[in-house]
Amino acid sequence: MAGEKGTMAITTNRIKEINEKIEIQKKPFGTVDGRSVDLYTVSNINGMEMTVTNYGCIVTSLKVPDKNNIHKDVVLGYNDVKSYVDNNYYFGAAIGRCGNRIGGAKFTLEGKEYNVTKNEGPNSLHGGSKGFDKVVWDAEAFKNETGGGLEFSYVSKDGEEGFPGTLTLKITYTLTNNNEFRIDYFATTDKQTICNLTHHSYFNLNGEGNGDILGHKLMINGSRFTPVDSTLIPTGELKSVEGTPFNFLKSVEIGARIGSDDKQLKLAEGYDHNWVLDRPEGSKDLFLAATVIEPESGRCMDVLTREPGVQFYSGNFLDGTLIGKSGRVYKHRYGFCLETQAYPDSPNKPDFPTTVLKPGETYKTTTVYRFYNR
Ligand code: BGC
């Protein structure tokens with residue numbers, strides 16, 4: 001027993017020592033909906049730095065070292081909160097209640113049809129017109145044995161954007177001392193509802209605003225994907241990637257086949273699809289969904305998740321009209337997203353893994369973006 005106590009004391013001291021090296025700074029970022037919002041900058045023991053705001057749980061900056069230890073900001077974003085409020089690109093944001101699209105902006109639960117906000121043609125995208133990316137969250141900074149970060153909380157009212165049930169949410173962002181950006185999601189409801197949360201950073205591992213992402217090499221651990229119709233709603237088919245430009249089982253440059261004459265690429269104007277991850281059946285363990293390598297800088301990113309799918313979006317709708325935080329224009333395909341999630345339109349696809357959350361259950365999932373060099 002004494003030995004155990006001794007070990008604990010050392011561990012506690014060690015945690016204290018590590019935590020003294022982690023810095024969390026807070027400064028005002030403006031006002032939204034009459035509430036002041038802040039920017040929090042967390043730096044880990046390696047000097048990697050993450051800045052987030054409690055407006056939409058947006059990651060506004062992520063400074064990552066390259067192979068020569070040069071730190072660059074690898075996510076797209078703005079300098080001011082107003083630009084985040086005014087624009088609909090979902091830069092760096094938490095997405096919910098339902099990530100990606102719900103076909104016809106409706107679904108049925110317990111025999112009752114629910115109509116949610118149509119904010120993209122006939123469909124609902126990323127939780128509606130005022131999704132979780134557009135609300136002010138409560139935030140509390142923390143340090144623990146793995147690193148430091150923020151715990152965000154928000155209560156989404158019954159009927160918000162048309163979704164049933166009061167959804168009580170907690171999302172933690174941890175910048176670990178292993179250079180990981182880790183997201184843990186928790187939600188409970190008082191009525192049957194839909195819950196499918198994701199993260200929407202646009203990455204450019206060569207630095208934001210510094211060219212397109214077509215030379216990045218991508219591996220996706222999914223041998224099937226969900227083809228879409230002309231409004232980007234999955235047809236329901238789980239199609240093999242074999243012999244298609246969707247085969248990323250071995251690392252390939254994003255740009256290698258993006259212009260090929262493929263019906264699915266044409267429909268989405270590039271990659272904007274969900275991959276069915278090859279995770280062991282029934283497992284909710286963290287699984288390596290994707291790896292991205294940027295050959296010039298040597299920066300690499302692994303994406304790990306407990307979710308069944310990942311949406312790879314190649315920034316097709318970036319059109320050169322946006323000026324980012326360092327004054328650079330964000331042109332076509334200057335960033336990509338890897339959004340871990342349940343498959344799009346799951347609420348209307350009984351054969352897809354469920355996105356239904358019932359009272360008494362806890363929605364609990366994790367995604368890790370891990371950075372390193374080679
Ligand atoms: C979607 C894209 C959409 C983008 C919004 C992605 O998750 O798949 O179709 O345009 O988010 O910026």
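## What you're looking at

This is a predicted model, where local features need pLDDT of at least 70, side-chain atom pairs count only at pLDDT 80 or more, and totals for chains, interfaces and linings use all residues. Residues are numbered from 1 along each chain as its sequence is written, and side-chain values use heavy atoms, with hydrogens and water left out.

Rolling a probe the size of a water molecule over the atoms shows where empty space is left. The search uses a 1 Å grid over the protein atoms alone: a cavity is a set of points where a 1.4 Å probe fits but cannot get out, a pocket is an open set with protein on both sides within 12 Å along at least five of seven lines, and lining residues have an atom within 4 Å of a point. Grid points are joined across faces, edges and corners, and a volume is the space filled by probe spheres set on the points.

Across the whole structure, two cavities of 30 Å³ or more turn up. The largest cavity holds about 70 Å³, and its lining divides into seven nonpolar, two polar and two charged residues. (Ala, Val, Leu, Ile, Met, Phe, Trp, Tyr, Cys and Pro count as nonpolar, Asp, Glu, Lys and Arg as charged, and the others, Gly among them, as polar.)

The second largest cavity has about 30 Å³ of space. Its lining includes Arg101, Asp272 and Gln311, and strand β21 (residues 272–276) gives the most to that lining, with three residues. (Helices, H or I with at least four residues, and strands, E with at least two, are DSSP runs numbered from the N terminus.)

The largest pocket has a volume of about 540 Å³. Of the 25 residues lining it, Lys284, Arg306, Glu307, Pro308 and Pro353 lie nearest its centre. Two elements give two or more residues to this lining: β28 (356–357) and β29 (363–373). Sorted by type, the lining has 11 nonpolar, six polar and eight charged residues.

The second largest pocket comes in at about 350 Å³. It is lined by 22 residues, with Asn88, Tyr90, Glu120, Leu125 and His126 nearest its centre.

## The ligand's spot

So where does the ligand go? The space it takes is the second largest pocket (a molecule sits in a cavity or pocket if more than half of its atoms lie within 2 Å of its grid points). Around the ligand there are 13 residues, the closest being Arg101, His200, Tyr202, Asp272 and Glu339 (near means a heavy atom within 4 Å). This shell has six nonpolar, four polar and three charged residues.

A ligand oxygen is 2.3 Å from a side-chain N or O atom of Asp272, and one is 2.6 Å from a side-chain N or O atom of Arg101. For a polar side-chain atom of Glu339, the distance to a ligand oxygen is 2.6 Å. The protein covers 96% of the 310 Å² of accessible area that the ligand has on its own (Shrake-Rupley method, 1.4 Å probe).

Most residues other than glycine have a negative phi, and most peptide bonds are trans. Cys57 has a positive phi of about 50° although it is not a glycine; look for Cys57 in the loop between β3 (49–53) and β4 (58–65).

Gly96 and Arg97 are joined by a cis peptide bond, with omega about 0°. Arg97 is in the loop between β6 (93–95) and β7 (101–102).

Key. A polar contact is a pair of N or O atoms within 3.5 Å; within protein, one must be able to donate a hydrogen and the other to accept it, and residues adjacent in sequence count only if both atoms are side-chain atoms.
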